[in-house]
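Here is a short note for a colleague who is opening this model for the first time. Please keep the view open while reading the points.

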Amino acid sequence: MMTGAGGLFEAQAQVQARGEAPPGQAAGLKQVGSALLKVFGFEVYQARLWAEPGFQPDRYEHYRLALELAYLRNLDGAAIAQRSLKEMQRLETLSESQGRQWLADMTRLFPDVRKGDRITGSYQPGRGVSFQLNDRPLGEVNDPAFARLFMGIWLSPRTSEPEMRRQLTGNTAP
């Protein structure tokens with residue numbers, strides 16, 4: 001029997017090697033892909049996507065998903081929220097009140113992150129998305145439109161990072 005932090009990390013590594021969702025995520029999800037985000041040559045985070053069997057990238061909003069961002073640098077939570085809203089607005093026009101509400105929700109939920117922290121969003125189609133920091137619950141947004149657009153930052157065909165989408169969705173064609 002494994003004990004202590006070393007045993008926990010070893011168990012997590014074994015689960016991740018099998019492609020299963022990390023501890024605390026929805027059972028039955030399998031890893032689809034991973035990608036590294038670089039901005040101006042600086043590594044920001046390593047992203048990993050888990051989805052239900054049969055996952056079709058162009059219909060991502062119909063599948064249970066978990067998207068993990070493992071941060072490679074320190075970032076301000078409010079800046080993460082503002083950038084997320086900007087990316088969501090690239091995908092679809094939002095009303096001013098909707099944008100304000102969603103920014104407030106994300107600002108409340110997203111903490112400042114340090115190098116090594118992981119934020120995971122667990123998406124439930126038609127319901128919403130819940131967030132965890134290093135497997136500790138942060139909260140949720142029970143708004144299907146928010147959840148779809150939030151996941152669309154990475155998974156929509158109109159994402160600002162099409163190469164990242166390709167890698168996350170397991171598409172090996174360049």
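1. A term first. The expected span of a helix is 1.5 Å times one less than its number of residues. Helix α2 covers residues 77–91, 15 residues in all. From its first C-alpha to its last, α2 reaches 22 Å, close to the expected 21 Å.

2. The average pLDDT of the protein is 87, and 83% of the residues score at least 70. Residues 1–18 are another matter: pLDDT stays under 50 there. For that stretch the model has ten contacts beyond four places in sequence. Where pLDDT is low, the predicted coordinates should not be read in detail.

3. Overall layout. The protein has five helices and six strands. From the N terminus on, the order is α-β-β-β-α-α-β-β-β-α-α. Of its 174 residues, 43% count as buried. Take the contacts between residues at least 6 apart in sequence: 54% of them join residues at least 24 apart.

4. Back to α2. Which of its residues are buried? They are Gly-77, Ile-80, Ala-81, Ser-84, Leu-85, Glu-87, Met-88 and Leu-91. These residues cover an arc of only 165° around the axis, so they sit on the same side of α2. Their cover includes β3 (65–71), α3 (96–109) and α4 (144–155). At the start of α2, a side-chain oxygen of Asp-76 comes to within 3.2 Å of the backbone nitrogen of Ala-78.

5. Glu-87 deserves a look. Glu-87 lies in helix α2. Is Glu-87 buried or exposed? Glu-87 counts as buried because its relative accessibility is 7%, under the 20% cut-off. Its side chain makes a polar contact of 2.7 Å with the side chain of Ser-160. Neighbours within four places in sequence aside, Glu-87 is in contact with Ile-153 and Ser-160.

6. The nonpolar core. The largest one has 41 residues. Tyr-45, Leu-65, Phe-131, Phe-146, Phe-150 and Trp-154 have the most contacts inside it. Helix α4 gives the most to this core, with eight residues. Look closely at Phe-131. Beyond four places in sequence, its contacts include Leu-109, Phe-110, Ile-119, Val-141, Phe-146 and Phe-150. Arg-136 and Pro-137 are also among them.

7. Most residues other than glycine have a negative phi. Phi of Asn-134 is positive, near 50°. Asp-135 is not a glycine either, yet has a positive phi of about 70°. Asn-134 is partly exposed, with a relative accessible area of 32%. Asp-135 also counts as partly exposed, at 28% relative accessibility.

8. Gly-116. Where is Gly-116 placed? Gly-116 is in the loop between α3 and β4 (118–124). At 54% relative accessibility, Gly-116 counts as exposed, since the cut-off is over 50%. Leaving out neighbours within four places in sequence, Gly-116 is in contact with Tyr-71 and Asn-134. Gly-116 and Asn-74 are 42 residues apart in sequence. In space, their C-alpha atoms are 8.6 Å apart.

Definitions and conventions: Residues numbered from 1 in each chain as written. Predicted model: local features only at pLDDT ≥ 70, side-chain atom pairs only at ≥ 80, totals over all residues. Heavy atoms only, no water. Helix = DSSP H or I, 4+ residues; strand = E, 2+ residues; numbered from the N terminus. Buried < 20%, exposed > 50% of the residue type's maximum accessible area, 1.4 Å probe, protein only. Arc of directions from axis to C-beta. Contact = heavy atoms within 4.5 Å. Polar contact = N/O pair within 3.5 Å; in protein donor to acceptor, adjacent residues only side chain to side chain. pLDDT = per-residue confidence, 0-100. Core = buried A, V, L, I, M, F, W, Y, C linked by side-chain atoms within 4.5 Å.
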